[in-house]
Amino acid sequence: MTADVHDVLMAAALEEARRARDAGEVPIGAVVAIGGRIVGRGFNQPIGASDPTAHAEIVAIRDAARAIGNYRLTGATLYVTIEPCLMCVGAMVHARIATLVYGAAEPKSGAISSTVRGGELPGHNHRFEIVSGVGEADCREMMQVFFRERRGQPDVTPGRNEVE
């Protein structure tokens with residue numbers, strides 16, 4: 001995949017993240033693509049769904065599996081705005097995702113490179129390619145703004161008027 005395709009598909013994942021934000025969830029979004037075509041979409045919704053597994057990645061993988069009629073997503077690329085957790089890495093292994101493309105690192109629970117290299121654990125019978133940093137600034141900013149607003153702190157994004 002070219003950088004342009006990654007940018008377009010990450011923009012679709014960011015749109016899903018906005019849906020999560022608008023629903024009051026942590027703004028993480030994901031899409032699954034096969035051959036550059038989106039076959040699954042998802043956004044974080046564990047609160048609204050009362051489901052601790054309803055992470056954006058899991059929702060998108062489930063949507064893609066239903067769409068293609070197979071729980072194996074061989075050849076698929078998962079685009080997600082924030083580095084996946086260990087649960088989501090496990091789902092990617094089981095779904096046989098070929099490539100993971102993510103935007104920003106998640107230093108507290110990211111399981112690709114931040115806290116553990118989950119995709120490299122010895123018990124896994126599948127490996128996937130990793131592309132990081134696609135749309136990183138936009139992905140990180142969405143999370144930072146969300147948590148600043150949640151904590152009642154002013155938006156100090158460069159170029160923005162702090163007294164809006």
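**Exercise 1. Locate Thr 74 and say whether it is buried or exposed.**

Step 1. Thr 74 lies in the loop between H2 and E3. Helices (H or I, at least four residues) and strands (E, at least two) are DSSP runs, numbered from the N terminus.

Step 2. Thr 74 has a relative accessible area of 62%, so Thr 74 is exposed. The cut-offs are these: buried means under 20% relative accessible area, exposed over 50%, and partly exposed in between (1.4 Å probe, protein chains only).

Step 3. Leaving aside neighbours within four places in sequence, Thr 74 is in contact with Ala 95 and Arg 96. Contact means heavy atoms within 4.5 Å.

Step 4. Ile 34 is 40 residues from Thr 74 along the chain, and 8.7 Å separates their C-alpha atoms.

A note on the source: this is a predicted model, where local features need pLDDT of at least 70, side-chain atom pairs count only at pLDDT 80 or more, and totals for chains, interfaces and linings use all residues. Residues are numbered from 1 along each chain as its sequence is written, and side-chain values use heavy atoms, with hydrogens and water left out.

**Exercise 2. Describe the surroundings of Thr 99.**

Step 1. Thr 99 belongs to strand E4.

Step 2. Its relative accessible area is 11%, so Thr 99 is buried.

Step 3. Not counting residues up to four places away in sequence, Thr 99 touches Ala 76, Thr 77, Leu 78, Phe 128, Glu 129 and Val 131.

**Exercise 3. Check the length of H2 and find what covers its buried residues.**

Step 1. Helix H2 covers residues 56-68, which is 13 residues. The expected span of a helix is 1.5 Å times one less than its number of residues.

Step 2. For H2 that gives 18 Å, and the end C-alpha atoms are 18 Å apart, so the two agree.

Step 3. The buried residues of H2 are Ala 56, Glu 57, Ile 58, Val 59, Ala 60, Ile 61, Ala 64 and Ala 65.

Step 4. Their cover includes E1, E2, E3 and helix H3 (86-95).

Step 5. Just after H2 comes Gly 69, with a positive phi of about 75 degrees.

**Exercise 4. Work out how H1 packs against H4.**

Step 1. Helix H1 (residues 3-22) and helix H4 (residues 136-150) pack at an angle of about 10 degrees, and their axes are 11 Å apart. Axes are lines fitted to C-alpha atoms, for helices over the stretch in contact, and angles run from 0 to 180 degrees between N-to-C directions.

Step 2. H1 is therefore roughly parallel to H4. Angles under 35 degrees count as roughly parallel, over 145 as roughly antiparallel, 65 to 115 as roughly perpendicular and the rest as oblique.

Step 3. From H1, Met 10, Leu 14, Ala 17, Arg 18 and Arg 21 meet Asp 138, Cys 139, Met 142 and Phe 146 of H4.

Step 4. Buried residues of H1 include His 6, Leu 9 and Glu 16. Besides H4, the buried residues of H1 pack against strands including E1 (29-34) and E5 (129-132).
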